[in-house]
Amino acid sequence: MQIKYGLNSLPSLLKSIGATIVFVLVDEHTSKHCLPLIKKHIPVFTKISIKSGESNKNLQTCEKVWQTLIQKNADRHSLLINLGGGVINDLGAFCASVYMRGIQFMNIPTTLLAMVDASIGGKTGIDYLAYKNMIGSFANPEAICIDTIFLKTLPAPQLLSASAEIFKHAILQGRNESKIHLEKKFSTFSDDNILSCIKKSVKYKLSIVASDPKEAGDRKKLNLGHTIGHALESYMMLYHKPMLHGEAVALGLLAEAFIAHSDFDLDYNEFLKTVFWYDLNFKKPSLESVNLNTLIKLMRKDKKNRSATIRMVLPVGRGKVRTDIEVTEKQIMDGLKFVMAF
Ligand SMILES: NC(=O)c1ccc[n+]([C@@H]2O[C@H](COP(=O)([O-])OP(=O)(O)OC[C@H]3O[C@@H](n4cnc5c(N)ncnc54)[C@H](O)[C@@H]3O)[C@@H](O)[C@H]2O)c1
Ligand SMILES: [Zn+2]
């Protein structure tokens, strides 16, 4: 798998892949804002357009993609380029990974979240029934091409929400990686600051994934903030106003840091880092109407659990995490109440 920075590298990437037919998967936003930027680098392609948004990351949308691939005679040597955010990257990669038992695909992430997280690591998938990423596969793209030019048209909330994954990577790396996030608001980061954060995140995620591609051990660390984060994201999608993935993860990081400090051995200063970072960047969450019991039920569906217990990744000590920690409902309730009263 090749990772390149800059759209100028597209022609050489395409040459090295040598596909028979090139398809580009877009949604209405990436068709408008991002497709024009790659057109000059890709001489001929067939566009496949789907509707944007998490609510379309489902089986019906996959069927549309597969039907178009069949109608346009996609063969086993075709290439699917996923030009978009995490939804396009996850869904397109899943479609490619099972079409004719797997065709080549390339990710060109156009959101910050997709650049630092969703486009990397080989997890593909779609939502099924009420559950996020319930159906999916592990499959790696031939290449990932990252260019921050796409971020110019990305709405500000999308940028901010993705900074939660960047902060998570910084905490996981320990050392001094979270320093810049505590010095200034993410919204004031320069283009260079953002590019540097992306490169660090990509390098870190790749190193973890390389050591544990199928999440048998070390990779579980990347789920920091996600047990509570995913449950909140699903809850909001089902019962309320949908919440951005990173917003949910930011709340998850906060709640899980509280649990880790109260009931496990997270250093007080480390706990304060997450509190300070959240406070610096995010507004007070409006979670008054959230039913905590329903949220906990959703957490029980988390793929990280074994039997009936809820397990999560928690920060411990300084700059370290422990995976598979069994957490009681009471501890989770306390973490959620802390966040709700924030
Ligand atoms: N596979 C993984 O490892 C992994 C990791 C993290 C998240 N994810 C998944 O990623 C998804 C969330 O990704 P996301 O936050 O990128 O959301 P998204 O893909 O829905 O994109 C957000 C919105 O921005 C629009 N958009 C995309 N690029 C744009 C641009 N350059 N300019 C203007 N608008 C643009 C999209 O059309 C969409 O409306 C979730 O489904 C989550 O489960 C997957
Ligand atoms: Zn995430």
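Q: How do you know that the place of asparagine 140 is in a loop, and between which elements does that loop lie?
A: Asparagine 140 sits between β7 and β8 (143-146), where helices (H or I, at least four residues) and strands (E, at least two) are DSSP runs numbered from the N terminus. This is a predicted model, in which local features need pLDDT of at least 70 and side-chain atom pairs count only at pLDDT 80 or more, while totals for chains, interfaces and linings use all residues. Residues are numbered from 1 along each chain as its sequence is written, and chains are lettered from A and ligands numbered from 1 in the order in which they are written.

Q: Why is asparagine 140 called partly exposed?
A: A residue is buried if 20 or more other C-beta atoms, placed from the backbone, lie within 10 Å of its own, exposed if 12 or fewer, and partly exposed in between. Asparagine 140 has 18 C-beta neighbours inside 10 Å, and therefore counts as partly exposed.

Q: With which residues is asparagine 140 in contact, leaving aside its neighbours within four places in sequence?
A: The residues are Met1 and Gly122, a contact being a pair whose C-beta atoms, placed from the backbone, lie within 7 Å.

Q: What makes aspartate 267 partly exposed, and where is its place?
A: Aspartate 267 has 16 other C-beta atoms within 10 Å, and so it is partly exposed. Its place is the loop between α11 and α12 (268-281), and, not counting residues up to four places away in sequence, aspartate 267 touches Gly317 and Arg318.

Q: What span should the 13 residues of helix α4 (residues 59-71) have, and what is the distance between its ends?
A: For α4 the span should be 18 Å, and the end C-alpha atoms are 18 Å apart, so the two agree. Asparagine 73, which follows α4, has a positive phi, near 60°.

Q: What makes a set of residues a nonpolar core, and how many residues has the largest one?
A: A nonpolar core is a set of buried Ala, Val, Leu, Ile, Met, Phe, Trp, Tyr and Cys residues joined through C-beta atoms within 7 Å. The largest has 92 residues, and those with the most contacts inside it include Phe23, Cys145 and Leu254. Helix α11 (residues 245-263) gives the most to this core, with 11 residues. The core also draws at least three residues from each of domain 1 (2-153) and domain 2 (156-340), whose bounds come from an automatic or database domain assignment.

Q: Which residues does leucine 254 contact, leaving aside its neighbours within four places in sequence?
A: Leucine 254 is in contact with Thr274, Val275, Tyr278 and Val339.

Q: How far apart are the centres of domain 1 and domain 2, and how many residues does the contact take from each?
A: Taken over C-alpha atoms, 26 Å separate the centres, and the contact takes 19 residues from domain 1 and 26 residues from domain 2.

Methods: Two residues are in contact if their C-beta atoms, placed from the backbone, lie within 7 Å. The expected span of a helix is 1.5 Å times one less than its number of residues.
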